[in-house]
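Subject: Structure handover

Dear colleague,

Here is the structure you are taking over. My notes on it follow below the sequence and the model.

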Amino acid sequence: MLAPVAVVVLYAFSADSYFSLPPTRFSWRWFESFWSNEGFRSALNNSLLISFVVSPITLIIALPAAYALSRGTFAGRQALTALLMSPIIVPGVVTGVAFLALSYKTHIGPGFVAIVVSMICITLPYALRALLANMHGLRLDLEESARNLGATHWQVFRMIVLPQLRPGLLAGGIFIFVETIDNFTIASFLVTPTTTTLPVEAYYYLRDFDDPTVAAMSCVVFLISTLLVLALDRLIGLEKAFTTA
């Protein structure tokens, strides 16, 4: 599973513009090429900004939704759960075309707002899945004890439920961030010259150039993802996070 990643890393550090195994010598030249490319720098800034905006908004939507779906007994709960999870099974091309049409119908047009809205919709199932799994492991006895001691529903949620949802929030947040920064299929329909994301910029670059600069870019994205996973392991532990998600 990691073999393709190893190939990309070797290619990124190769001094040659073509792939050879083993590399003749190692060099940082393609990372310098990546950082010196204005298009890549702008796309990286756009991708990070979109991810930083999408992640908290999606979690804010997913938190009450997960609470209602796991604790509620209203009619249509299963249908609503399936509806909120449905973006996972819809092909990305279909979703991208749908959001492109929606952006024109609502007159927001392609660009930053359209990308943010689309990313919120497609990452919501990841956050919901993590939080719903986490909700099933909550200690109800603590909530009952708090209510018996006179705590209000808001106090119980804020002081008892929310701290126990920390693993789900962290795991969901990381899944959202990585999916947003890495998404190509949907973003390719919604980018503009000033809001191009990193995967789309990489595609544009590969149409004109054949060198390891994109491999160096892939290493940067891989490093960001690895740091996020290490942070998750440090904060709550990977076993607990993946069990939750």
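Helices (H or I, at least four residues) and strands (E, at least two) are taken as DSSP runs and numbered from the N terminus. On that basis the chain has 13 helices and zero strands. Please note that this is a predicted model, in which local features need pLDDT of at least 70, side-chain atom pairs count only at pLDDT 80 or more, and totals for chains, interfaces and linings use all residues. Residues are numbered from 1 along each chain as its sequence is written, and side-chain values use heavy atoms, with hydrogens and water left out.

Overall layout

The C-alpha trace of the chain spans about 70 × 45 × 25 Å along its principal axes. Of the 245 residues in the chain, 41% are buried; buried stands for under 20% relative accessible area, exposed for over 50%, and partly exposed for what falls in between (1.4 Å probe, protein chains only). A contact is counted when heavy atoms lie within 4.5 Å. Among contacts in the chain between residues at least 6 apart in sequence, 71% join residues at least 24 apart.

Helix α3

Not counting residues up to four places away in sequence, Leu59 touches Ala127, Leu169, Gly172, Gly173 and Ile176. Leu59 and Thr123 are 64 residues apart in sequence, while their C-alpha atoms are 9.5 Å apart in space. Ser55 is also placed in α3 and is buried, with a relative accessible area of 8%. With neighbours within four places in sequence left aside, Ser55 is in contact with Gly173, Ile176 and Phe177.

Pocket and cavity

Rolling a probe the size of a water molecule over the atoms shows where empty space is left. The search runs on a 1 Å grid over the protein atoms alone: a cavity is a set of points where a 1.4 Å probe fits but cannot get out, a pocket is an open set with protein on both sides within 12 Å along at least five of seven lines, and lining residues have an atom within 4 Å of a point. Grid points are joined across faces, edges and corners, and a volume is the space filled by probe spheres set on the points.

The largest pocket holds about 180 Å³ of space. Its lining includes Val5, Val8, Val9, Ile181, Asp182, Leu198 and Cys219. Helices α1 (3–12), α9 (166–182), α11 (198–208) and α12 (213–235) each supply at least two residues of this lining, and the largest share, five residues, comes from α12. By class the pocket lining has 10 nonpolar residues, one polar and one charged. Here Ala, Val, Leu, Ile, Met, Phe, Trp, Tyr, Cys and Pro count as nonpolar, Asp, Glu, Lys and Arg as charged, and the others, Gly among them, as polar.

There is one cavity of 30 Å³ or more. The largest cavity has a volume of about 40 Å³, and the residues around it include Ser47, Ile50, Ile115, Met119 and Thr180. The elements giving two or more residues to that lining are α3, α6 and α9. The cavity lining consists of five nonpolar, four polar and no charged residues.

Aromatic pairs

Rings of Phe, Tyr and Trp (its six-membered ring) pair if their centres lie within 6.5 Å; planes under 30 degrees apart count as stacked, over 60 as edge-to-face and the rest as tilted. The structure holds 12 such pairs. One of them, between Phe13 and Phe31, is tilted, at 4.8 Å centre to centre and 45 degrees between the planes. Phe13 lies in the loop between α1 and α2 (29–36) and Phe31 in helix α2, so this pair ties together parts that are 18 residues apart in sequence. Phe13 is partly exposed at 23% relative accessibility, whereas Phe31 is buried at 9%. Elsewhere, ring pairs link Phe34, Trp35, Phe40, Tyr205 and Phe209 into a cluster.

Remaining points

His107 has a positive phi of about 65 degrees although it is not a glycine. This residue, His107, is in the loop between α5 (92–105) and α6 (112–135) and counts as exposed at 74% relative accessibility.

With a disulfide taken as a pair of cysteine sulfur atoms within 2.5 Å, the count is zero. Cys121 is partly exposed, at 33% relative accessible area, and Cys219 is buried, at 11%.

Regards
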